[in-house]
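Have a go at each task before reading its solution.

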Amino acid sequence: SVEWRIRALGGLGDAAYAEGYLASARRHFAECADLADANGFLRVASPNRGMQANCEVYFLEIAEAERQCALALASARRIGDRYLEMFAKECMAFGLWVADRHEEVARAAGEALAMSRALKADRYTYVLLACLASASRHSAPAEAMLALWREALELAERTSMTFAGPLVYGVYAL
C-alpha cells in the first residue's frame, strides 16, 4: 500500500532523527514527503517536509531548509491545518536562527509564536521563545531577553526538557 509505505518512511525518518542519524533521516523524510505529495497525502507531506528542513539545517543547507519549509507551509495552508502551519513556521524560525539571520528570525518566530500560544503547543512555544531571545541579543535590553528565556525555561520544565532544553540553556549562556 502506498499509504503504508509513506507512513513507514515517516516513521523511519523519525527513528533516524531521534538516534542522530541525520543523513538517513533527511533521506527518509524527503522520500516520504515526495511520495505523500504525489499521492495526495498533504497532511503527512507537510510535517515530514518540516522535519526534512530541520535535517537540512544540521547540514547547513539553509536555502534548502527554507524551500522545504515553504512547501510544508503551502501544504498546511491548502488543507487548512493551523497546527501544521505553525510547525512549518517554527521549522523556518529554527533554520533562520541557526543561520544567524536575526531580523528574519524575529519575524518568522513571532508569527509562529502567536500560533503556538493559541494552539497551546507549549514545547514549540518554548523553542520559539529561545530563538527570539537569541535573535534579540544584539538589539533588545538584557532584561527583555531574560524574560523570554525565563518563560522558555518554565515551559521547558513543565513539558519536556529533553525536547529542546539544552537549546534553552545555550541561549541563556549567550
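**Exercise 1.** In this predicted model, find which element gives the most residues to the lining of the largest pocket.

*Solution.* 
Step 1: Start with the space itself, which for the largest pocket comes to about 590 Å³.
Step 2: Look at what sits around the middle. The lining has 22 residues, and Tyr 17, Met 51, Asn 54, Tyr 58 and Phe 163 are the closest to the pocket's centre.
Step 3: List the elements that put two or more residues into the lining: α1 (2–19), α3 (42–58), α5 (82–98), α7 (122–135) and α9 (161–173).

**Exercise 2.** Work out how many residues in the lining of the largest pocket are nonpolar, polar and charged.

*Solution.* 
Step 1: Sort the lining residues into the three groups; note that Tyr and Met go with the nonpolar ones.
Step 2: Read off the tally: 15 nonpolar, four polar and three charged.

**Exercise 3.** Decide how many disulfides the model has, and say whether Cys 55 is buried or exposed.

*Solution.* 
Step 1: Get the cut-off: two cysteine sulfur atoms must be within 2.5 Å.
Step 2: Apply it, and you get zero disulfides.
Step 3: Check Cys 55, whose nearest cysteine sulfur belongs to Cys 91 and is 9.9 Å away.
Step 4: Since buried means under 20% relative accessible area, Cys 55 is buried, at 0%.
Step 5: With a relative accessible area of 3%, Cys 69 is buried.

How values were computed. Residues numbered from 1 in each chain as written. Predicted model: local features only at pLDDT ≥ 70, side-chain atom pairs only at ≥ 80, totals over all residues. Heavy atoms only, no water. Buried < 20%, exposed > 50% of the residue type's maximum accessible area, 1.4 Å probe, protein only. 1 Å grid on protein atoms, 1.4 Å probe; cavity = no way out; pocket = protein on both sides within 12 Å on 5 of 7 lines; lining within 4 Å. Points joined across faces, edges and corners; volume = space filled by probe spheres on them. Helix = DSSP H or I, 4+ residues; strand = E, 2+ residues; numbered from the N terminus.
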